[in-house]
Every structure is written in C-alpha cells, then in structure tokens.
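Please look over the sequence and the structure shown here.

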Amino acid sequence: MSTDLDDVDLSSLCDSELRETFIDVRRGIDRAEAFAARLLVAIAGRGIPAGDGASSAPAWAQLQTGQRFRDARISLKAGDACDTMPLMAKAWTQGEISVSAATTIAIGRRAGHEDVYATMERELVRLAEDRRFGGLDARIHYYQQRCNELDDKPPPEREGLYISQVGDRYAIRGDVDLLLGATIKKGVDAATDKPSLDDLRSPAVRRADALGQICRDTLDRGDLPTEDGERPHITITATLESLLNGTLTTTGSLAVTSSQLSRLLCESKLELMVLDHNGHPLDIGAATYRPSRKLRKAVIFRDGGRCRYPGCDRTHGEVHHVIVFPNGETVIANLVFLCDFHHHVLHKPGWTATFDCITLTITNPDGRCIGTTSAPDCSPAGRDRSIRDAATSSATIPA
C-alpha cells in the first residue's frame, strides 16, 4: 500500500479526486487505528510486552513502533473501552468517527459511573458523527463534573501558568479563570502593535511580542524586589574563545546570537564576565545601565511618543541605541524610540541607521535607503533647543 501511495502524482489529480482521496485515506487511517487499538489490548492481555522485557503495553509499543508512550496509552484505553461501548466501537471501526473523537469518548468515562455513561453513548457518538466537537466536549465535561460532585471530590485544580525551556525555545501554556483570563487578554491587546503594511508578523507573533513588552515594562519598575540593593539584571558570561567567534552564553546556558546580544545591550542592565577555558572568571566588567527614566522620557518626548521608523506611528516600543552599545554611548543624541517590531528589524544583520539627533535614516542590507524621519517638532530651532537642554540635564548614565 505504501508503494502505491508513493507512486501517486498529486499534481495529476483534479480537485474532486484530491478531495475524495483525502477523505478515503483519512477514514482508512481511522479504521486502522481502531484495529491497532484492539490489537494492543490483545497484546497486553497475552503478556507479550513482559515477555519482550517491556514494563507495559504502551512502553512496548513505543519501543517496537516509535509510537509515543502517551499516544499508545490512550490507544490502549480506547481499545479496552470498545468491549463495553459497542456503538462507539462500531462507528470507529467503520470510519464513521475519527480516532480523536473515539479516544475522547473512551477516556471520558469515570470509574464507578459507567452505567450513566452507557446511557450517554448514543448521543456522544451522534455528536462525533455530526462533527459537533464543542458539544461533545461539553457533554463529557458536564458528566465528569457531576461524577466529582457525587463522589464528593473537589474539582481538579486547573489554574496555572507553565513556562518551560524546550531546546533553544520556550513553551508557554496556561489555564486561568474567566476574570483573570479577561484581564490578561485586555492587557495583551492593549500592548499589541496594530498591523502595518511592512509588518508581516501573524497576530499570534504580535501578541507574543506584546507579552514580552509587558514583561520588560514590569522589569523597569523601581519597586521590584532587589538583590543586594540592585535592580534585576543580566550577567553575560563568555569564554575568550566565544568572544572571538561571536557566540556568547548567558547565565543559565542560553545561547545568544550577536543580534540578540545587541538587543540585550540595548535594553538591559548588563555585566560581562570573561571566563578561562576551565570556566573560571578572568575579569568582570562594570555594570552598564539602559537609559534612565528621565532620559527615556526625553527621547519619547522628542520623538512625539511614536516609532521613528519611516511610515510607522506605533506608540508601544523601546528606546534604541542607533550606534550599538558599547560602541555607542547612552546619550540622547544616540537614542531613538522604535516599536518592538522595527526594533527587531534594526538588530538584524545588515540593517543600519544613522542619526544626527534630528533626522533618522534607515538602510536595508542591500544598501537601499528605506527612508528618513525627523523629530516631530514644528520649529527646528525649538527642537534643537529642547534636545540640547535634555542632553545637558541627563546625557549619560552612571556606571
């Protein structure tokens, strides 16, 4: 069968053939999954996994076929339910309901309340056949809630936010009540950039960037907990070799690219710790601060509270070093206000910006000038005077 499928030239199929072929294949997969679930039940019943040295049937399936342990465990439970749920088993075996719908029905049953669940089976199968999965989930959830009440069990704790590192990425998931969820959504929506013609980020990416902006704003507050009298900060550790090849490592073993490092230098309080080949500190640099509140307010006032990138008028963003720190000083003549998206853009390789304290010019990696923007002050003389006064009062940041 696999050879036949490999030989199919999809480009030769018309739309109706593609449609019907997909439906047939999908139903075949569901029917095969039903048979595989019953096979796994039989394998477990005969003790084959123990004979092969496996601790359980799901562990045996994972070892023998590469099926994930969790998926094999659900398959085993669904196959076992087929013996006592004939309507679900028949619909699944005939491909009338999908494997996901069948397993949802199978694992929804609660011990001690099987008789009640049996009276619901016909309705649950019909909901699955009609593709009314919202109703299916709601019906099972209500049944489980009633089971908990009858058993005098407290409802399962669902509140929580989980942030886990997965390789070189982070996965975030959570489940909160209606009030907290609405509060979080309102806050993220308020911080989310509105779409623009040159911003191709999906809504999900813009929401993620908005959450990052909210967290950065929180870290900027002066009333956060301190450590030995210091605000929260980042320590960059690097071996001499990594300094030479351009790849650094932050505390906690996070790989930092040169682009990410330039953003950290732009936004955070840092200190650089140089290590020898044994990981012993050789030197630690003086802590460097991001723009102070006064300096940030001066930059935002000068730039009219809007992103200085040509054609952008977003009001959420960061103060950016035009000449990247530490080569460029933390002074108002080297700082502009950028939205989060364009801040990312200017930290990408090849993008450059020049700034004379009034006019910002952006050039892309091909050397093409994207455009220029000037500080939105109606009077050049007044604009120069306000910038000069701000620079005099809060031009540099103390080490």
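Cys357 lies in the loop between strand 10 (352-355) and strand 11 (359-363). Helices (H or I, at least four residues) and strands (E, at least two) are DSSP runs, numbered from the N terminus. The model is a predicted one, in which local features need pLDDT of at least 70 and side-chain atom pairs count only at pLDDT 80 or more, while totals for chains, interfaces and linings use all residues. Residues are numbered from 1 along each chain as its sequence is written, and side-chain values use heavy atoms, with hydrogens and water left out.

Cys357 is not a glycine, yet its phi is positive, at about 80°. Its relative accessible area is 14%, so Cys357 is buried; buried means under 20% relative accessible area, exposed over 50%, and partly exposed in between (1.4 Å probe, protein chains only). Arg131 also has a positive phi, of about 60°, and is not a glycine either. Arg131 sits in the loop between helix 8 (114-129) and helix 9 (133-150). With a relative accessible area of 49%, Arg131 is partly exposed.

How many disulfides does a search of the whole structure find? The search finds 0, where a disulfide is a pair of cysteine sulfur atoms within 2.5 Å.

Another loop, between strand 8 (317-321) and strand 9 (335-339), holds Asn334. Asn334 is at 6% relative accessibility and so counts as buried. What surrounds Asn334, leaving aside its neighbours within four places in sequence? Asn334 is in contact (heavy atoms within 4.5 Å) with His320, His321, Val322, Ile323, Gly328 and Glu329.

The axes of helix 4 (residues 57-65) and helix 5 (residues 69-81) come within 8 Å and cross at roughly 130°. Axes are lines fitted to C-alpha atoms, for helices over the stretch in contact, and angles run from 0 to 180 degrees between N-to-C directions. Helix 4 and helix 5 are therefore oblique to each other: angles under 35 degrees count as roughly parallel, over 145 as roughly antiparallel, 65 to 115 as roughly perpendicular and the rest as oblique. Where the two meet, Ala57, Pro58, Ala59, Ala61 and Gln62 belong to helix 4, and Phe69, Ala72, Arg73 and Leu76 to helix 5.
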